[in-house]
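Biologist: I have just opened this one and would like to go through it slowly. Please start with a term that I will need.

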Amino acid sequence: MHLAYPAVLAALLFCTGLYGVLARRNAILVLMSVELMLNAVNLNLVAFDVWLSRAAKDTLHSGQALTLFTIAIAAAEIGIGLAIVLAVYRDRGTADIDRLRDTAETPGDDPDHPDAFGTEKAEATA
């Protein structure tokens, strides 16, 4: 098999995942798109490992070992990501990324913060 076939498939998978990350609003779908991108990287690692091992008669298979590490990291990432998404969903009632962006804390939210009253109020009291 030529190297171009898995490389083109990996490029299509990566582009699909990138589109999903940029276009989706649901946090679960964004995590699934990141997984698609990681699987495209895994496909490239294995394809280039097979191609290089045939060319150099190398039996180390470092691309396949790196793929196993990537799969382990992806499993940890999806576990932590889903736990965070579920906690946010229970707290806010939505997994919409745009609505979660509005919940960021500002300096005015903390009364103990030095900038809590803003510059206008601080100048008025001085």
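Modeller: A polar contact is a pair of N or O atoms within 3.5 Å, where, within protein, one atom must be able to donate a hydrogen and the other to accept it, and residues adjacent in sequence count only if both atoms are side-chain atoms. This is a predicted model, in which local features need pLDDT of at least 70 and side-chain atom pairs count only at pLDDT 80 or more, while totals for chains, interfaces and linings use all residues. Residues are numbered from 1 along each chain as its sequence is written, and side-chain values use heavy atoms, with hydrogens and water left out.

Biologist: What caps the N-terminal end of helix 2?

Modeller: That is N26, which has a side-chain oxygen 3.3 Å from the backbone nitrogen of I28. Helix 2 covers residues 27-56, and K57, with a positive phi near 55°, follows it.

Biologist: How many helices and strands are there in the protein?

Modeller: The protein has five helices and zero strands, counted as DSSP runs (H or I, at least four residues, for helices; E, at least two, for strands) and numbered from the N terminus.

Biologist: Which element has the lowest mean pLDDT?

Modeller: Helix 5 (residues 118-125) has the lowest, at 54, whereas helix 1 has the highest, at 97; pLDDT is the predictor's confidence in each residue, from 0 to 100. The mean for the protein is 84, and 79% of its residues reach 70 or more. Where pLDDT is low, the predicted coordinates should not be read in detail.

Biologist: Back to lengths: what span should helix 1 have?

Modeller: Its 20 residues should span 28 Å at 1.5 Å a residue, and this agrees with its end C-alpha atoms, which are 28 Å apart; the expected span is 1.5 Å times one less than the number of residues. Helix 2, with 30 residues, reaches 43 Å from its first C-alpha to its last, close to the expected 44 Å.

Biologist: Which residues of helix 1 are buried?

Modeller: They are P6, A10, G17 and G20, where buried means under 20% relative accessible area, exposed over 50% and partly exposed in between (1.4 Å probe, protein chains only).

Biologist: New topic: is T94 buried or exposed?

Modeller: T94 counts as buried because its relative accessibility is 15%, and its place is in the loop between helix 3 (62-92) and helix 4 (97-101). A polar atom of the T94 side chain lies 3.1 Å from the backbone nitrogen of D96. Leaving aside neighbours within four places in sequence, T94 is in contact (heavy atoms within 4.5 Å) with V88, Y89, R99 and L100.

Biologist: Which residues does UniProt list for "transmembrane region"?

Modeller: The unreviewed UniProt entry lists residues 66-89; its positions are given in the numbering used here, feature names are shortened, and annotations may be inferred rather than shown by experiment. In the model, residues 66-89 are 100% helix and 0% strand, with end C-alpha atoms 34 Å apart.
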